[in-house]
Amino acid sequence: YYQAIELNSVYSFDIARYLGMDVLNRISAYTSEQKDMLLYIARSLEIGRKNDWHKETMIARVYNMLCAADSAQCTKALAYLDRAERLAPERYQVYIEKYISYYRLEDSPNAVKVFERALGAGYSVPASVDLHLNIGYMYGAVKNFEKAIEYYEKARIIDPTNVGVLESLAYVAREKGDIEKA
């Protein structure tokens, strides 16, 4: 990992990303050594960033990985993501990482706003299905089933055969007590 990070500052950001972060991203509980590794990755990326939305987003991703145990890390992630969004408001990845930060902070209203902004930016059909589904999930999480259905139906119009959309509509129908519709 450390060699990959050192290479990042000289040769390739992708080497550090693939050898370090993507492996650590699959772990749900980190040892103190792995936490140190993530902070080292973030610091290394911070040194090399120069108005690069991708690096800002990747730094935020590191802090998002750490914020399950420390909500202050989510706040750091959001600061980097605000810069990334200003640099590249058209990049879907920025919105996904922002959603993760707000989700981990248990801030459903802001998570929904992030996805609604992304929809307003006019993403392609596959991304729009995902965005509509995720907004529906967030509304479902706060038991606002009417808004959840509204977004699931928008996703179904885009892709009527999407299994995730159909399952989500069935789940909401069951939660509302409409077993026949589920």
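**Pocket, packing and rings**

Q: Which helix gives the largest share of the lining of the largest pocket?
A: That's α10, with four residues. This is a predicted model, where local features need pLDDT of at least 70, side-chain atom pairs count only at pLDDT 80 or more, and totals for chains, interfaces and linings use all residues. Residues are numbered from 1 along each chain as its sequence is written, and side-chain values use heavy atoms, with hydrogens and water left out.

Q: Which residues line the largest pocket?
A: Ile149, Glu153, Arg156, Leu169, Ala170, Val172, Ala173, Lys176, Asp178 and Lys181. Five are nonpolar, none polar and five charged (Ala, Val, Leu, Ile, Met, Phe, Trp, Tyr, Cys and Pro count as nonpolar, Asp, Glu, Lys and Arg as charged, the others, Gly among them, as polar).

Q: OK, switching to packing. At what angle do α6 and α7 pack?
A: Helix α6 (residues 92-104) and helix α7 (residues 108-120) pack at about 170°, with axes 8 Å apart. That makes α6 roughly antiparallel to α7 (angles under 35 degrees count as roughly parallel, over 145 as roughly antiparallel, 65 to 115 as roughly perpendicular and the rest as oblique).

Q: Which residue classes are in that contact of α6 with α7?
A: Eight nonpolar, one polar and two charged residues.

Q: And how many aromatic pairs are there in the whole structure?
A: The search finds four (rings of Phe, Tyr and Trp, its six-membered ring, pair if their centres lie within 6.5 Å; planes under 30 degrees apart count as stacked, over 60 as edge-to-face and the rest as tilted). Tyrosine 137 and tyrosine 152 have ring centres 6.0 Å apart and planes at 65°, so that pair is edge-to-face.

Q: Where do those two tyrosines sit?
A: Tyrosine 137 is in helix α8 (residues 125-141) and tyrosine 152 in helix α9, 15 residues apart.

Definitions and conventions
1 Å grid on protein atoms, 1.4 Å probe; cavity = no way out; pocket = protein on both sides within 12 Å on 5 of 7 lines; lining within 4 Å. Axes fitted to C-alpha atoms, helices over the stretch in contact; angles between N-to-C directions.
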